[in-house]
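Visitor: Got a structure here I'd like to talk through. Can we start with the inside?

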Amino acid sequence: MSRGTVVRKILQSALFATLIVASYSPAFAGDDAKTPTAQDGADADGFHLPPFPADAHVSQSVEVDGRTLKYTVTVGTLPVRDEKGNVTGQVVFTAYTMPGKNRPVTFALNGGPGASSVYLNFGAIGPKRVNFGVDGDNPSDPAVLHDNPGTWIGFTDLVFIDPIGTGYSRAMVPEDKATTLFYSTDNDIKYLSRIIYDWLVKNGRMESRKYLVGESYGGFRGPRVTEYLQTQLGVAMNGMVLLSPYLDAAASDNENVSPLPWMLTLPSIAAAQLEREHRLTPEAMAPIIAYTRGDYATTLMKGRTDPAATDAMIQKVTELTGLDPVFVKRSGGRLETQAYLREVYRAEGKLGSRYDSNVTAWDPFPYAPHQVGGDPILNGIIAPTTTAMVNFVTQTVGWKYDGRYNALSYQVNKLWHEDDDANSGSVDQLREAVANDPSLRVLIAHGWDDLSCPFMASVLIVDQMPAMGDPTQVQVKEYPGGHMFYARPSSQAALLQDVKTLYDVR
């Protein structure tokens, strides 16, 4: 199994964070259509589930920069239908809207595959947030929602979409058929694109400015959904914000020959060391990135033909990472992520998280040859996000449903399968979407310390793109923190300013 395959399997066990029908019959039949029930696509199979309640609404407010912003929360559903009009799935969304002429609307998707949108909602951009993902946060801490100073509600309406099998969204067909219809690379893009289209039609928002934000595997979805909307459904997005995106599935392949897999992670490992030394700045990172592109890559490609260069590289990597020189030498200067996350905290009996290597937890099996325990961040975020979302939906909004809420569905992840073009990632669609629309703006945002979707991959991807007129049309920005860097208030504030620039907020 290649390192790239291993990375994808790990990502697919994480949050990041599905229907052929998008090109056939409408997924939403209009306000006069009957409310879909379990019977609507289940007769042939005898597959039954209790019906979802009607859409529910509640008014709320948030204090942001000394202003009180009043908005409406809607929790509701949109059906997905097959070519015969049968309901094969129901997608649950959470929308935050404010009155006002010409307000944009932003659609949000997390990753996994198997993650609901709660992480973007209650962690990054929604009006309320719950604490998670930062060193010191515990799963048993009270899951209390508080005003989110980094919310985007001040300048855009927000629609958080839970893919089938996540949140409360569900397939209305048996598992084998759901696997075919929903849990695949291509069908996932088609039905989610159609859900965006249907929400716009249902709410009379086709003429609004439209944006898409995707995190992790949601970043894989972002360019593909945008290009599909442009070319198949006739909906042009004005911008994309890709947070810690998983854009190029093949970038970590061929680790025994290509220097690229090791080039992607070394800068993030070095950034974590700089942060531990309280020296992490863009200026401190610039020579590390230059070294990675230059002497590091060149030395790896030389292999055994230049022992002196290899020795110099081993010494340099040791200096950059603060690791035991014996460990670095035995690794050949090629720092495998999970081995690094154990080694860097081995003396303390702890593990680092691949989502932010400076967030740690005790290693429950310190003498095992390989890591046995789960990820420190991943294991800690499911309880607070689930508790907060269930209470919010069922109690605050009043969408009364007692089924299970899946913040992170391992079953979806287990059933997921990749189509033939999955390994090509979303780089082609990113290029095509930008080429199709010179007005489309793209912000790719990463945390320095993220080893699950390292920033260096996006830097290299964008640097290889043709300028296509405006070289600032696609930008990569880095912030202190990891995969969910927005959990750090200072990084969230910096992201907010960059996003306001993208949206042209004055």
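Visitor: How many residues has the largest nonpolar core, and which have the most contacts inside it?
Guide: The largest nonpolar core has 58 residues, and Y96, Y119, W152, V241, L243 and W399 have the most contacts inside it. A nonpolar core is a set of buried Ala, Val, Leu, Ile, Met, Phe, Trp, Tyr and Cys residues joined through side-chain atoms within 4.5 Å, buried being under 20% relative accessible area with a 1.4 Å probe, protein chains only. This is a predicted model: local features need pLDDT of at least 70, side-chain atom pairs count only at pLDDT 80 or more, and totals for chains, interfaces and linings use all residues. Residues are numbered from 1 along each chain as its sequence is written, and side-chain values use heavy atoms, without hydrogens or water.

Visitor: Which helix gives the most to this core?
Guide: Helix α11, residues 378–397, with seven residues; helices are DSSP runs of H or I, at least four residues, and strands are runs of E, at least two, numbered from the N terminus.

Visitor: What else is there besides that core?
Guide: A second, separate core of 53 residues, with V80, A171, M240 and L415 among them.

Visitor: Switching to D356: where is it found?
Guide: D356 is in the loop between β11 (350–352) and β12 (360–362).

Visitor: Buried or exposed?
Guide: D356 is buried, because its relative accessible area is 4%.

Visitor: What does its side chain make a polar contact with?
Guide: The side chain of R488, at 3.0 Å. A polar contact is a pair of N or O atoms within 3.5 Å; within protein, one must be able to donate a hydrogen and the other to accept it, and residues adjacent in sequence count only if both atoms are side-chain atoms.

How values were computed:
Buried means under 20% relative accessible area, exposed over 50%, partly exposed in between (1.4 Å probe, protein chains only).
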